[in-house]
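Here's a quick tour for anyone meeting this chain for the first time. Have a look at the picture, then read on.

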Amino acid sequence: RIKIKYESWNGVVNRELEPLGLILKAGTWYAAARVANEIKVRTYRVSNVLELQTSRKNFKRPAKFTLADYWQASTKRFEADLYRLQAKIRGSPRAIKWLLNARTNVTVLPSETKRKKDQADWKIVLMPIESIEHGARRLLAFGGEIEVLEPLELREKIIEDARAVMVRHLVV
């Protein structure tokens, strides 16, 4: 076992843990561990560990625990909790390719019969987003290759942010 002082979003806590594995995701290390004598496995960001001491106490690793299975299930739960909103966007073939290459979880919807003439080959997709602000930051990077259809608040935020960019870059 190990004893840690850990800084979570809730504050600093002291925990005695039974470490089960390390995960590297996008350059960040995480530890999968159980609080001593508990069944539930949790994820701890290693960089949030303020202090660490080894303990003389041992523990028995759960027989059916597989780190890869735990991480996959944990990631799915995290993303489901994180991405509570959905953006409906119309994207050019180029934008759709960018989304898919970035492994963005999008759902392509059936084609609409009514389309703007210059968007005949564009597709409508649903994309999960954390918030209106998050969606605007992600989608502004696509420039004119996308059009936000829903939610209205996201469309308005895109327009507001695009205007701010124009004002900042206009030569007076």
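In what order do the elements of the chain run from the N terminus on? They go β-β-β-β-β-α-β-α-β-β-α-β-α, and the tally is four helices and nine strands. Helices (H or I, at least four residues) and strands (E, at least two) are DSSP runs, numbered from the N terminus. The radius of gyration is 22 Å, well over the 16 Å that the globule rule gives for 172 residues, so the chain is more spread out than a compact globule. That radius is taken over C-alpha atoms, and the rule is 2.2 Å times the number of residues to the power 0.38.

Before the details, a word on the basis: this is a predicted model, where local features need pLDDT of at least 70 and side-chain atom pairs count only at pLDDT 80 or more, while totals for chains, interfaces and linings use all residues. Residues are numbered from 1 along each chain as its sequence is written, and side-chain values use heavy atoms, with hydrogens and water left out.

**The chain as a whole**

- Along the principal axes, the C-alpha atoms fill a box of roughly 70 × 45 × 25 Å.
- Buried residues make up 31% of the 172 in the chain; buried means under 20% relative accessible area, exposed over 50%, and partly exposed in between (1.4 Å probe, protein chains only).
- Take the contacts (heavy atoms within 4.5 Å) with a separation of 6 or more: 54% of them come from residues 24 or more positions apart.

**Strands and their partners**

- Strands of a sheet pair through backbone hydrogen bonds, either parallel or antiparallel. Here, two strands pair if DSSP finds at least two bridges between them.
- Strand E1 (residues 2-8) pairs with E5 in the antiparallel sense, over five bridges. Lys3 has Gln53 in E5 as its bridge partner.
- Why does strand E5 (residues 49-54) lie largely in the open? The number of buried residues among its six is zero, so E5 lies largely in the open.
- An open sheet of four strands has the order E7-E8-E6-E9, with antiparallel pairing. Its edge strands are E7 (107-108) and E9 (146-150), each pairing on one side only.
- Within that sheet, strand E6 (residues 85-91) and strand E8 (residues 123-129) run antiparallel and are joined by seven bridges. Lys88 stands opposite Leu126 in E8.

**Loops worth a look**

- Most residues other than glycine have a negative phi, and most peptide bonds are trans.
- Ala26 has a positive phi, near 50°. You'll find Ala26 in the loop between strand E2 (11-25) and strand E3 (28-35), and it counts as exposed at 80% relative accessibility.
- Asn37 also has a positive phi, near 65°. Asn37 sits in the loop between E3 and strand E4 (41-45) and is exposed, with a relative accessible area of 68%.
- Glu150 and Pro151 are joined by a cis peptide bond, with omega about -5°. Pro151 belongs to the loop between E9 and helix H4 (152-169).
- Arg56 is in the loop between E5 and helix H1 (67-82), and counts as exposed at 87% relative accessibility. The C-alpha atoms of Arg56 and Arg1 are separated by 7.1 Å, though the two are 55 residues apart along the chain.
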